[in-house]
Amino acid sequence: MNEKFFTLAAFDYPADVQILKGKLESEGIPGFLRDENTLNSDPLITNAIGGVKVQVYTQDRERALEIYDEVRAYAVDDFGHPIKCPNCKALKSEAYYERKGLLNKLFPFFEKRKYKCLNCGMITNPQ
């Protein structure tokens, strides 16, 4: 079965998706927001439903990923330097939370931050 939409990214807050959606649309790719109205009415359930999702048509997937990589904010250390992957040395990492257990699902800020390399997929703990 062919999927009509591809979920490009998910954000905790509805306002955060507008930059990406605007950039996609300025490049001629229609963007769709899923669960935006739900989180506008009750922002405390963002972790329960996985945030606001930005979706594009499946045929626009590759170009949309390129555009997202242009505007994506990668993880930085306390001094503003990009986090370097110890495996592949790429500077494209983002914060990663496992959210295992009920406490971490309800309160993800209690979980220690890890980083996931978007190049090789390795998950690391900060030094």
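Predicted model: local features only at pLDDT ≥ 70, side-chain atom pairs only at ≥ 80, totals over all residues.
User: What does the Arg72 side chain meet in a salt bridge?
Analyst: Asp69. The N to O distance for Asp69 and Arg72 is 3.9 Å. Asp69 is partly exposed, at 33% relative accessibility.

User: How many salt bridges does a search of the whole structure find?
Analyst: Six.

User: Which residues do salt bridges with shared partners join into one network?
Analyst: Lys23, Glu27, Arg63 and Glu66.

User: Take Glu27 and Arg63. How far apart are the closest N and O atoms?
Analyst: 3.1 Å, in a salt bridge between Glu27 and Arg63. This pair links distant parts of the chain, 36 residues apart. Glu27 lies in the loop between H1 and E2, while Arg63 is in helix H4.

User: And how accessible are Glu27 and Arg63?
Analyst: Glu27 is partly exposed, with a relative accessible area of 35%. Arg63 is partly exposed too, at 34%.

User: Lys21 and Glu25 next. What do their side chains form?
Analyst: A salt bridge, 3.1 Å from N to O. Lys21 and Glu25 are four residues apart in helix H1, so about one helical turn separates them.

User: Why does that spacing matter for direction?
Analyst: An α-helix has 3.6 residues a turn, so residues three or four places apart point the same way.

User: Is Lys21 buried or exposed?
Analyst: Lys21 counts as buried, because its relative accessibility is 19% and the limit for buried is under 20%. Glu25 is partly exposed, with a relative accessible area of 40%.

User: Staying on H1. Which residues there are buried?
Analyst: Val17, Leu20, Lys21 and Leu24, in a helix that covers residues 17-26. Seen down the axis of H1, the buried residues fall within an arc of 95°, so they line one face of the helix.

User: What sits on the face of H1 turned away from the buried side?
Analyst: Exposed residues Ile19 and Ser26.

User: What covers the buried residues of H1?
Analyst: The cover includes three strands, E1 (5-11), E2 (32-34) and E3 (52-57). Helix H4 (61-71) is also part of the cover.

User: Now the largest nonpolar core. Which members touch the most others?
Analyst: Leu8, Phe11, Leu20 and Leu24, out of 15 residues in that core. E1, H1, E3 and H4 each give two or more residues to the core. E1 supplies the largest share, four residues.

User: What does Phe11 touch, beyond residues up to four places away in sequence?
Analyst: Asp16, Val17, Leu20, Thr46, Gly51, Val52, Val54 and Tyr68.

User: Switching to the surface. Which residues make the nonpolar patch?
Analyst: Leu103, Phe107 and Phe110 make a nonpolar surface patch of about 310 Å². Phe107 is in the loop between helix H5 (102-106) and strand E5 (114-117). Its relative accessible area is 35%, so Phe107 is partly exposed.

User: Backbone check. Where is phi positive?
Analyst: Among the places are Gly28, Asp35 and Lys89. Gly28 follows H1, with phi near 85°. Asp35 has phi near 70° and is not a glycine. Lys89 is not a glycine either, and its phi is about 65°.

User: Where are Asp35 and Lys89 placed?
Analyst: Both are in loops. Asp35 lies between E2 and helix H2 (36-41), and is partly exposed at 23% relative accessible area. Lys89 lies between H4 and strand E4 (93-96).

User: Zoom out. What is the secondary structure?
Analyst: Five helices and six strands. From the N terminus on, the order is β-α-β-α-α-β-α-β-α-β-β.

User: What about overall dimensions and burial?
Analyst: The C-alpha atoms fill a box of roughly 40 × 35 × 35 Å along the principal axes. Buried residues make up 28% of the 127 in the chain. The chain exposes about 8,600 Å², and carbon and sulfur atoms supply 51% of that area.

User: Last one. What share of contacts with a separation of 6 or more comes from residues 24 or more positions apart?
Analyst: 51% of those contacts in the chain.

Methods:
Residues numbered from 1 in each chain as written. Heavy atoms only, no water. Patch = residues over 30% accessible without salt bridge, like charges linked within 9 Å, V, L, I, M, F, W, Y side chains within 5 Å. Areas by Shrake-Rupley, 256 points an atom, 1.4 Å probe, with all protein chains shown as cover. Salt bridge = Lys/Arg side-chain N within 4 Å of Asp/Glu carboxyl O. Buried < 20%, exposed > 50% of the residue type's maximum accessible area, 1.4 Å probe, protein only. Arc of directions from axis to C-beta. Contact = heavy atoms within 4.5 Å. Core = buried A, V, L, I, M, F, W, Y, C linked by side-chain atoms within 4.5 Å.
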